[in-house]
Amino acid sequence: MAASSPSSDTVVVTPSSLRQAFGNVFSLFILILIGVLAFSIRLFSVIKYESVIHEFDPYFNYRVTQFLTKNGIYDFWNWFDDRTWYPLGRVIGGTVYPGLTLTAGTLWWILNSLNIPLSVETVCVFTAPTFSAFAAWATYLLTKEVKGAGAGLTAAALLALVPSYISRSVAGSYDNEAVAIFALIFTFYLYIKTLNTGSLFYATLNALSYFYMVCSWGGYTFIINLIPMHALLCIVTGRYSPRLYIAYAPLVILGTLLAALVPVVGFNAVMTSEHFASFLVFLILNVVGLVYYIKGMLTPKMFKVAVTLVVSAGLIVCCALVAVLIALVASSPTKGWSGRSLSLLDPTYASKYIPIIASVSEHQPPTWPSYFMDINVLAFLVPAGIIACFLPLTDASSFVILYLVTSVYFSGVMVRLMLVLAPAACIMSGIALSSAFGVFTRSIKFASIGKEVDARDTGNGVTQNDVVKPDRNEEPPKEKASRKKKKEKENVAKAPIATKKNERRLLMLPMETSVVAILLLILLGAFYVVHCVWAAAEAYSAPSIVLTSHSHDGLHVFDDFREAYAWLSHNTDVDDKVASWWDYGYQTTAMANRTVIVDNNTWNNTHIATVGTAMSSPEKAAWEIFNSLDVKYVLVVFGGLVGYPSDDINKFLWMVRIGGGVFPHIKEPDYLRDGQYRIDNMATPTMLNCLMYKLSYYRFVETDGKGFDRVRRTEIGKKHFKLTHFEEVFTTHHWMVRIYKLKPPKNRMRGKTKKSKSKPTSKRSATRKKNPWQ
Amino acid sequence: MAISPILLITFLLFLLTPITTPSNDDILSELIHLRSKSQLGLIHLKDPLLQRILTIPSPKPFSSLIFFDAKQLHSKPDNSLPSIKYEFSLLSSSFIKNNPENNTQVFFFIMEYQVSPSSFALFEVKSLPHIRLVGVKNESMKMDASGYSMGAESMKEFLEMHVNVNVGKINTPPVIPKKMMMVIGAGFLIWSPFLVKKIVLSDTLLHNKYVWMVGSVFVYFFSVAGTMHTIIRKAPLFLFDRYEPGKLIIFYQGSGMQLGAEGFAIGFLYTIVGLLLALMTHVLVYMKNRGTQNLMMAFGLFISFWAVQKVVSLDNWKTGYGIHAYWPSRWI
């Protein structure tokens with residue numbers, strides 16, 4: 001990026017351009033390596049476990065992708081899924097962000113047309129690492145626009161490794177965030193690029209990139225609020241320019257039109273308050289643009305006359321519109337903002353009014369170790385980056401500062417948004433490290449020359465040029481072409497600098513301490529690498545569908561989930577309905593291909609409450625509820641034998657609460673002994689007789705003779721019992737998943753008739769009468 | 001929720017005591033009078049008054065919701081008594097405001113521990129916060145923690161569930177009173193032309209980039225210190241050691257929770273390293289005296305090294321993670 005020497009001497013220019021060419025090739029090589037690094041550090045999950053989709057939501061995305069690749073885009077758009085939320089079903093096409101699915105589907109299609117026969121699952125598993133490499137490159141582009149190529153490369157390398165992003169993009173973590181972070185950074189890059197160049201081409205690309213972001217993730221509202229905020233900041237601090245208009249106006253108009261094309265967003269793009277800020281700023285920008293235009297046309301005197309008329313009229317119109325907007329927003333109960341957005345602005349909002357949001361661990365405010373875990377040493381470097389961005393302050397650097405400040409505040413409210421902070425932290429740290437390395441290496445490199453010159457106190461042409469160059473490197477290339485005024489100022493400023501070259505040369509630090517500083521910075525970087533590799537390998541790579549544990553006798557693998565789903569898909573009828581708690585809905589539909597009652601898309605609370613009620617009811621009542629929903633199999637997850645803590649017994653109180661919220665005969669205190677949740681012999685009779693207890697602990701005593709639960713660390717309360725309405729059909733190797741079949745009514749009736757032979761009754765009428773669900 | 005047998009016996013004893021049984025109307029009018037004295041509609045319940053209320057033959061014409069208060073515990077942040085008391089008063093004032101005519105079904109009482117400890121013993125109140133509803137048949141039930149955890153709204157739900165009353169909308173007073181708002185609004189209107197002029201002339205504090213710089217660094221410090229966690233969770237600044245009462249606990253072990261002072265300390269360490277680095281790269285380079293440069297750099301590097309090392313060790317201690325490098329076990 002070194003600019004060619006100002007002198008017209010060709011002898012000087014040629015090595016300089018050669019150096020530039022070499023620098024570019026070197027940068028490209030480094031970028032490729034960064035891409036490889038970003039991709040490969042995310043493969044720990046594949047190496048340590050296997051190439052498998054992780055957790056819960058990715059299974060749904062995988063299933064949707066499978067459907068897309070099989071049936072094509074039009075069928076996908078109109079897909080009504082009858083395998084879930086039985087008997088309601090779910091409209092998939094209109095309720096998902098299609099970006100991720102379309103991306104992976106397109107990748108699969110391209111690979112297949114190139115005769116590379118990869119399965120859909122493989123493509124899905126590796127989508128996230130691939131896009132991490134893209135995100136690193138986008139970070140390079142963005143940071144390069146702000147502070148030059150050196151900072152760009154450093155920031156890209158940091159982003160490739162940052163643990164916060166790794167946690168969402170390891171191989172197999174096939175979720176929206178995987179592609180959305182790339183889209184976010186790339187949209188910001190294009191905005192800055194447009195702002196620096198004033199090119200309509202980049203403005204159009206920016207709108208398209210924004211469209212991709214809207215397709216991918218609900219977090220797009222961050223963009224559509226941050227960019228207006230920046231535009232407004234530029235206006236307020238007197239940095240309005242036509243480039244700002246070109247960067248902003250097409251984004252709002254084209255972007256909003258495109259966003260409205262995404263079914264899940266639709267008219268929300270113009271109706272909800274999250275988008276109002278962009279329209280308001282658009283209005284203000286037009287007014288300001290008009291003022292500048294008139295100012296250019298009129299003489300200063302005439303302008304003063306006009307300003308009173310036009311500006312005041314414009315302000316009145318603006319005020320009226322603002323008042324209308326505020327009235328519109330205020331008339332809605334949540335002030336037009338969705339609960340999640342509100343909880344960002346007023347952090348105490350969620351804890352007061354939305355327990356569902358407050359209860360999710362991702363929505364908790366983080367403590368300081370979270371920052372250390374997720375951005376590690378970047379947390380130390382960011383303040384230096386902020387200060388570097390202020391010296392000098394350009395449109396681009398003010399944008400990254402704003403991005404950092406807003407995202408760091410939001411991450412302080414919700415730990416989940418650490419993901420949005422991570423790129424900003426990488427950019428800032430990249431800038432900080434790059435400028436620090438610049439100063440320190442310069443100090444070492446020119447230490448001897450500096451001394452020499454000091455001694456002679458005269459200037460040598462070659463040394464001066466060389467010494468001045470690194471300084472120039474620090475300045476962003478576009479900054480020079482920013483504004484006329486600025487140019488003038490720079491020209492004025494350059495004159496004394498040129499005369500005081502000796503002083504400029506002295507912008508150095510002592511060599512000895514610089515060496516120490518560089519060593520310490522390298523040490524810091526090394527610590528970052530160690531931490532990131534450790535986090536990727538140990539903390540964020542577990543697929544949660546296959547579990548492992550290390551003990552004194554070696555490694556144990558628990559593959560019970562897939563064992564259970566495979567059993568279901570091989571041993572049950574295609575149209576059988578399987579009931580389980582909603583956590584396992586996505587996995588059951590994706591892996592076992594069976595219809596479920598509820599799944600992780602928790603859109604219908606009543607339906608979830610029905611399943612919760614069934615699980616909390618005694619066997620007979622539960623059978624009736626499940627039978628009325630055509631359920632054939634019930635699946636429970638049980639960790640008591642191997643000590644797997646996130647099992648259904650530990651989630652059971654939520655089932656009771658949610659069930660009790662809709663069906664008042666389920667009361668939480670009935671399941672608690674003196675306010676304590678227990679399953680030992682002190683447990684309440686309601687607890688010991690509910691379906692969840694029975695299905696979890698049926699025959700459990702046969703394992704060790706005592707019935708010792710290793711999660712709750714106690715012996716269970718009721719050890720020997722028989723099931724009357726359910727029969728065990730499958731229990732996995734480690735007892736982690738247990739599948740029961742509903743006994744058919746015929747069997748049950750036969751048993752009854754045997755007992756009371758004298759009283760023969762019609763089977764069908766008896767079951768129908770007792771069924772409260774028909 | 002269940003009615004304790006001891007309590008029932010005590011009630012019966014009360015019923016048998018030969019105190020002159022007041023008529024319902026007498027006590028009702030007295031309670032209304034007492035209530036009218038308080039702006040928030042709260043009645044300070046003392047032992048004699050409680051005795052008289054309990055001796056009314058059931059079914060009584062009203063229910064009582066009693067907030068058990070102890071002034072000496074107000075300073076303890078972990079039981080948040082003052083805020084619950086405030087929410088309780090909101091409930092009572094909203095009830096009276098929303099039901100101006102039919103408001104004698106429920107009376108809201110506050111009982112102070114230092115004034116009437118025997119009544120605390122009567123209701124077996126051993127820990128605070130404690131809110132208890134005494135119904136028309138002298139049945140009494142304790143409000144669960146979930147009943148007051150969400151403030152006046154959840155107290156309202158509890159009351160409406162157990163007593164057949166309609167409290168209506170909780171009237172939370174605005175943070176800034178109306179008159180103040182009007183004054184502020186008028187002030188802003190008068191000031192706005194000057195503001196616009198200043199903005200047009202680029203002559204505000206906002207145009208000074210150093211103000212923005214300090215602001216950004218402050219927001220950063222504020223966030224990485226986990227201050228939001230402290231605010232939302234209402235975590236105290238520090239704790240006192242249970243075993244050694246004079247000893248302060250500043251750092252809390254366990255990653256899910258942090259104390260206020262702990263957050264600020266680490267936030268400061270997070271921020272200081274970057275600031276020192278910025279000082280070296282952007283300020284020190286302009287210094288001419290090499291000796292000062294050397295000294296300040298050495299100082300900055302030492303502080304930075306110490307801060308990073310401190311955070312790393314504290315993080316390992318707090319979370320219990322053993323972060324380690326991976327060395328190749330063999331070369332081929």
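**Ground rules.** I am working with a predicted model, where local features need pLDDT of at least 70 and side-chain atom pairs count only at pLDDT 80 or more, while totals for chains, interfaces and linings use all residues. Residues are numbered from 1 along each chain as its sequence is written, chains are lettered from A and ligands numbered from 1 in the order in which they are written, and side-chain values use heavy atoms, with hydrogens and water left out.

**Chain A overall.** I began with the secondary structure of chain A and found 36 helices and 11 strands. Helices here are DSSP runs of H or I with at least four residues, strands are runs of E with at least two, and both are numbered from the N terminus. Chain A has 774 residues, and 53% of them count as buried. Buried means under 20% relative accessible area, exposed means over 50%, and partly exposed is in between (1.4 Å probe, protein chains only). I then looked up the accessible surface of chain A, which comes to about 33,400 Å², with 63% belonging to carbon and sulfur atoms; such areas come from the Shrake-Rupley method with a 1.4 Å probe, and for residues only the protein chains shown count as cover. Among contacts in chain A with a separation of 6 or more, 71% are between residues 24 or more positions apart. Contact means heavy atoms within 4.5 Å.

**The interface.** How many residues of chain A are in contact with chain B? I get 67 residues of chain A against 63 residues of chain B. The two chains bury about 5,700 Å² between them, 78% of it on carbon and sulfur atoms; this is the accessible area (1.4 Å probe) that two parts lose on being put together, summed over both. Trp368(A), Phe380(A) and Trp534(A) supply 16% of what chain A buries against chain B, more than any other three residues.

I also checked the polar side of the interface. There are zero salt bridges between chain A and chain B, but 14 residue pairs are in polar contact, both residues at pLDDT 80 or more. A polar contact is a pair of N or O atoms within 3.5 Å; within protein, one must be able to donate a hydrogen and the other to accept it, and residues adjacent in sequence count only if both atoms are side-chain atoms. Several helices give two or more residues to the side of chain A that touches chain B, including H10 (220-236), H21 (418-445) and H26 (511-539). H26(A) has the largest share, 17 residues. By residue type, this side of chain A divides into 52 nonpolar, 11 polar and four charged. Ala, Val, Leu, Ile, Met, Phe, Trp, Tyr, Cys and Pro count as nonpolar, Asp, Glu, Lys and Arg as charged, and the others, Gly among them, as polar.

**Salt bridges.** In one of them, Arg562(A) pairs with Glu50(A), the closest N and O atoms being 2.3 Å apart. Arg562(A) lies in helix H27 (560-571) and Glu50(A) in the loop between H2 and H3 of chain A, so this pair ties together parts that are 512 residues apart in sequence. Arg562(A) is partly exposed at 21% relative accessibility, as is Glu50(A) at 32%.

Asp69(B) is in strand S2 and Lys85(B) in helix H4 of chain B, and Asp69(B) is buried at 1%. I also noted a salt-bridge network of Arg699(A), Glu702(A), Glu728(A) and Arg738(A).

Most residues other than glycine have a negative phi, and most peptide bonds are trans. I found a cis peptide bond between Tyr86(A) and Pro87(A), and another between Leu391(A) and Pro392(A). Pro392(A) sits in the loop between H19 and H20 of chain A. Asn593(A) has a positive phi of about 55° and is partly exposed at 39%. Arg713(A) also has a positive phi, near 55°; Arg713(A) is exposed at 67%.

Notes. A salt bridge is a side-chain nitrogen of Lys or Arg within 4 Å of a carboxyl oxygen of Asp or Glu.
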